[in-house]
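Trainee: I am new to this one. Can we go through it in short steps?

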Amino acid sequence: MRFLILTHLFLLLFNTQLQAQNWEFQFSAIVDPISTENLPENNWNGLSLSANYQKDIFVKSSLFGGLFFHSNSWANHTFLSFGISYELASSKKYALHANYYMNHGIALFSERPLYSHLSKLMIYNDFKINETKHLGLGIGVQYITTPRYSDYSLLHSRVNFPISIRFLF
């Protein structure tokens with residue numbers, strides 16, 4: 001865990017190739033795939049909030065890191081988030097981005113917190129309000145797991161489809 005925190009801080013503070021910076025705030029609703037079981041199921045499986053600090057490394061690529069809170073059917077999770085963003089297309093009013101998130105953190109169980117991991121790939125269509133402010137809508141796929149929770153329940157990992165709204169400034 002100490003290595004993850006130090007790596008996270010290094011990426012945020014000490015990379016000398018960085019050219020620009022911005023913040024991203026994101027809210028997501030999590031949708032489960034259609035159930036293959038015979039039982040009726042609610043397909044909404046939680047919410048997430050995140051705040052990321054993003055720095056450009058090349059013309060169309062940037063690295064980001066931040067904090068991520070995720071709530072789903074078995075736990076509330078907090079994560080250190082880091083990843084990469086790539087601009088797929090851009091016009092005067094819109095931009096299309098692909099983001100890959102790698103999150104490491106803990107599931108907040110009352111007796112004992114357990115390690116959790118979340119990987120997410122998102123595609124965002126950002127509306128450019130002005131040069132520095134963008135409002136985006138995204139869809140994607142994510143995988144979340146709390147491996148040690150398998151000792152307590154069969155439900156310890158899941159593939160979900162997040163729908164996100166984000167604001168960059």
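Mentor: Start with a pairing; keep in mind that the model is predicted. Tyr-124 has a bridge partner in strand 7.

Trainee: Which residue in strand 7 is the bridge partner of Tyr-124?

Mentor: Strand 6 covers residues 114–128, and strand 7 covers residues 134–145. The two strands pair in the antiparallel sense. In strand 7, the partner of Tyr-124 is Gly-138.

Trainee: How many bridges pair strand 6 with strand 7?

Mentor: A hairpin of 5 residues leads from strand 6 to strand 7. The antiparallel pairing of these strands runs over 12 bridges.

Trainee: And on the strand 5 side, which residue stands opposite Asn-103?

Mentor: Strand 5 (residues 94–107) is antiparallel to strand 6, with 14 bridges joining them. A hairpin connects the two through 6 residues.

Trainee: Which residue lies over the face of Tyr-124?

Mentor: A charge counts as over a ring if NZ of Lys or CZ of Arg is within 6 Å of the ring centre and within 35 degrees of the ring normal. Here the distance from the ring centre is 3.9 Å. The residue over Tyr-124 is Arg-166.

Trainee: Over which ring does the charged end of Lys-120 sit?

Mentor: The charged end of Lys-120 is 4.7 Å from the centre of that ring. The ring belongs to Tyr-101.

Trainee: Back to Arg-166. How far apart are the closest N and O atoms in its salt bridge with Glu-24?

Mentor: Glu-24 is in strand 1 (residues 21–31) and Arg-166 is in strand 8, so their pair ties together parts 142 residues apart in sequence. A salt bridge needs a nitrogen and a carboxyl oxygen within 4 Å. For Glu-24 and Arg-166, the closest N and O atoms are 2.8 Å apart.

Trainee: Is Glu-24 buried or exposed?

Mentor: Buried means under 20% relative accessible area. Glu-24 has 0% relative accessibility, so Glu-24 is buried.

Trainee: Which residues are linked with Arg-166 in a network of salt bridges?

Mentor: Arg-166 also meets Asp-126 in a salt bridge, at 2.6 Å from N to O. Asp-126 lies in strand 6 and Arg-166 in strand 8, so this pair joins parts 40 residues apart in sequence. Both of these residues are buried. The network links Arg-166 with Glu-24 and Asp-126.

Trainee: Is Asp-151 buried or exposed?

Mentor: Asp-151 forms a salt bridge with Arg-148, at 3.3 Å from N to O. Arg-148 is partly exposed, at 48% relative accessibility. Asp-151 has a relative accessible area of 51%, so Asp-151 is exposed.

Trainee: Now the rings. Why does the pair of Trp-23 and Phe-25 count as stacked?

Mentor: The whole structure has 9 aromatic pairs. The ring centres of Trp-23 and Phe-25 are 6.3 Å apart. Planes under 30 degrees apart count as stacked. The planes of Trp-23 and Phe-25 are at 10°, so the pair is stacked.

Trainee: How far apart are the ring centres of Phe-109 and Tyr-149?

Mentor: The planes of these two rings are at 15°, so Phe-109 and Tyr-149 are stacked. Phe-109 is in the loop between strand 5 and strand 6, and Tyr-149 is in the loop between strand 7 and strand 8 (157–168). Their ring centres are 4.7 Å apart.

How values were computed. Residues numbered from 1 in each chain as written. Predicted model: local features only at pLDDT ≥ 70, side-chain atom pairs only at ≥ 80, totals over all residues. Heavy atoms only, no water. Pairing = 2+ DSSP bridges. Helix = DSSP H or I, 4+ residues; strand = E, 2+ residues; numbered from the N terminus. Phe/Tyr/Trp six-rings, centres within 6.5 Å; stacked < 30°, edge-to-face > 60°. Salt bridge = Lys/Arg side-chain N within 4 Å of Asp/Glu carboxyl O. Buried < 20%, exposed > 50% of the residue type's maximum accessible area, 1.4 Å probe, protein only.
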